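Please consult the sequence and the coordinates alongside them.

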Amino acid sequence: MLSSLRGAQRGGAGCKLWIRTFASGKIVAPPMTYISGEEMSWYTMKIIQEAWVTPFIDTSKWEYFDLSCKSRDDTDDKVLHEAVASGARIGAIFKEPTITPSAEQVKQFGLKKARGSPNGAMRRGWNGITISRDTIHIPGIKLGFDKPVFFERHAVGGEYGAGWKNVGKGRVLTTFFPDDIKEKPQVIDGRQLDNDMSAVVIYDNPLDNVEDLAHIFFKRCLEANIVPYVVTKKTVFKWQEGFWRKMKTVFDKDYKEKYLAADLLKTTGGDLMHLISDAATMQIIRWTGGGFGMACHNYDGDMLTDEVAQVHRSPGFITSNLIGKSESGSLIKEFEASHGTVADLWHAHQRGEETSMNPLGMVVALLGAMEHAAILDPSNKADIFRWTGHCREAMYAAFREGRGTRDLSGPSGKTTEQFVATVMEDLTRRMASGAPPGSYTYTAVKQEVQAPSRKFRKNYENVDESAMKAFFDKYDADKGGSICFKEFVEMTVELGIAPLKVETVKQKEKYTEEVGAQEK
C-alpha cells in the first residue's frame, strides 16, 4: 500500500477518519504509476487515498514511487529513473506536486546536493509532446471562464533546456555540425560582445513532434466544440514560423472541413487563426466566456496558462497533463495538478493549526490517470469509470452544497480533513446505491453559491491593504467610496489592461509583423 511505502506521516497534526472497507467487492484497478510528492499536497492525497480509494479500489497493480527530496537524495535519484521507466512501460501516470530544493532547503532537509526538477527527465523519458493545461469546471459554480479553455504547451525545447554562460568581452560563434561528416558545418550566428559581462544563451526548438501536438490539440478542441488558435511571436522571432506552418498544414489537411461543418470557425474568418503572443495575452483577459483553445511554444505556454489560472481563480483549477509517445506509438499520459506543494498550509499543519486545502486539481488528475489506465487495460473499465464518476460528482456536490473548502465556501467552509470526510460519506452512499454516475442538472430554483471573499486565498497575507487603499483612492476621482464605470475605464486604460477591439488587435499584429520584417 501507498502508506506503507511512504512510512509514517511526515509530521503535523494527525486526524482519524473512520473508513468502511468493502473487502469482498473491491474493483481491481489496472496498472498505473503513482508518484508521490511532499508537504501539504502529499498529506492531503494520503488521507484521500485512505478515505476515498482504499475502501473501493484494489490498487495492488499500481507501482508507487516516492519523489520527495529525502527519497531522491537517499537513492541518488535512482527512484526518479525507476519512476520514469515505470511510466514509460505502463503509460498511465499520476504525479503529486514535488519540490525542487533551493540552496536553503538543501541545508534544511539535510540533503547531499540540490537535485533538479524531475520534469525534464520525465519529458525526455516519455518522449513528451505537449503539456495540456485546461480549466476545471464545477457544474453549478461560476469560477472564471464560463466554458472550458484548452492549452497545448509544447513539452520540449525553448529556454528550459538552454545552455548558458556569463562571459566578458570577446566574440561568440555558434556553429552547427551535421551528423554526416561529409556535410560542411554551418555558422548559425556570430557576434561581438562589448560588455564586461554578458549572458550567452543557446537553445533549440525541436519540431519533429509538432505534428503529433497538432493532432492532439485539434482533436481535443473539435470534440469539445472549442475554437482553436495557434500562438507564436513569429512576427519578430522568425524561427517560430516552422511551428505555425506545421500546425497549419495538419489543420488544413485533416481538420479544416470538420471544423467548418461544426461551425467553429465563424469568429476566425473560416480558417485557423494565428495570434501573436501579445494579442493572446490581451484576449485571455477579454474572452471570459471561454470556449477557446491555444497551442504554443514551451515558454509562451507556461506564461499564458498562468494568466488563464488567474482569470479562472487560481492554479488549483487548472490541469497539467503531460502527453508523450511510447516506442509502439501509443500515448503516454501523466496527470498532475497545476499548483505546488502548498508549503504555507503544510507549515500550519505541522504547527497543529487548522488548514483548508482544496484538493480539486489533484483529484481531477488522479481520476484522469485512472481512466486512462482503464482505457489502456479495459478489463475493469466500466467499474473504474463508475467509481471515478461517483467520486467526481461527490466532490463537486460538496462544493455546490456549501460543504467545500474555505477558498470556495468562505469562513464556514470545511477543514482539509472535514472535506475529505464529507465527500467520503457521499461517495459511500453513491457506490452503495448500485446506480451509474449521474450528472448535475440545473433546476428552475436553485441555491446560489456565494463567492467567498478572496481574503481566504493563501497569498492574501502578503497584500498591503494600506497601499491598496491609496491605489483605490487614486481612481475614486469623486471620493464617493466606489468606482463608477467612467473611473473604471480610466483605470484600465492607464494600467494598460483595457480590452481592445478586434480590429485594433489585428492592426497591431500587422504593424508588429511589418516591424519584424524590417528588423530582419
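Q: In which loop is the place of Arg 115?
A: In this predicted model, the position of Arg 115 is given relative to two helices, 103-109 and 119-125. Arg 115 therefore sits in the loop between helix 5 and helix 6.

Q: Is Arg 115 buried or exposed?
A: The relative accessible area of Arg 115 is 12%. Because buried means under 20%, Arg 115 is classed as buried.

Q: Which residue's side chain joins that of Arg 115 in a polar contact of 3.3 Å?
A: Beyond four places in sequence, Arg 115 is in contact with Arg 72, Asp 73, Asp 76, Asp 77, Thr 100 and Pro 101. With Arg 72, the side chain of Arg 115 reaches the backbone oxygen at 3.5 Å. The side-chain partner at 3.3 Å is Asp 76.

Q: How many charged residues are in the lining of the largest cavity?
A: The largest cavity holds about 40 Å³ of space. Its lining consists of Cys 69, Arg 72, Asp 73, Ile 99, Pro 101, Leu 111, Lys 113 and Arg 115. By class, there are 4 nonpolar and no polar residues, and the number of charged residues is 4.

Note on methods: Residues are numbered from 1 along each chain as its sequence is written. This is a predicted model: local features need pLDDT of at least 70, side-chain atom pairs count only at pLDDT 80 or more; totals for chains, interfaces and linings use all residues. Side-chain values use heavy atoms; hydrogens and water are left out. On a 1 Å grid over the protein atoms alone, a cavity is a set of points where a 1.4 Å probe fits but cannot get out, and a pocket is an open set with protein on both sides within 12 Å along at least five of seven lines; lining residues have an atom within 4 Å of a point. Grid points are joined across faces, edges and corners, and a volume is the space filled by probe spheres set on the points. Ala, Val, Leu, Ile, Met, Phe, Trp, Tyr, Cys and Pro count as nonpolar, Asp, Glu, Lys and Arg as charged, and the others, Gly among them, as polar. Helices (H or I, at least four residues) and strands (E, at least two) are DSSP runs, numbered from the N terminus. Buried means under 20% relative accessible area, exposed over 50%, partly exposed in between (1.4 Å probe, protein chains only). A polar contact is a pair of N or O atoms within 3.5 Å; within protein, one must be able to donate a hydrogen and the other to accept it, and residues adjacent in sequence count only if both atoms are side-chain atoms. Contact means heavy atoms within 4.5 Å.
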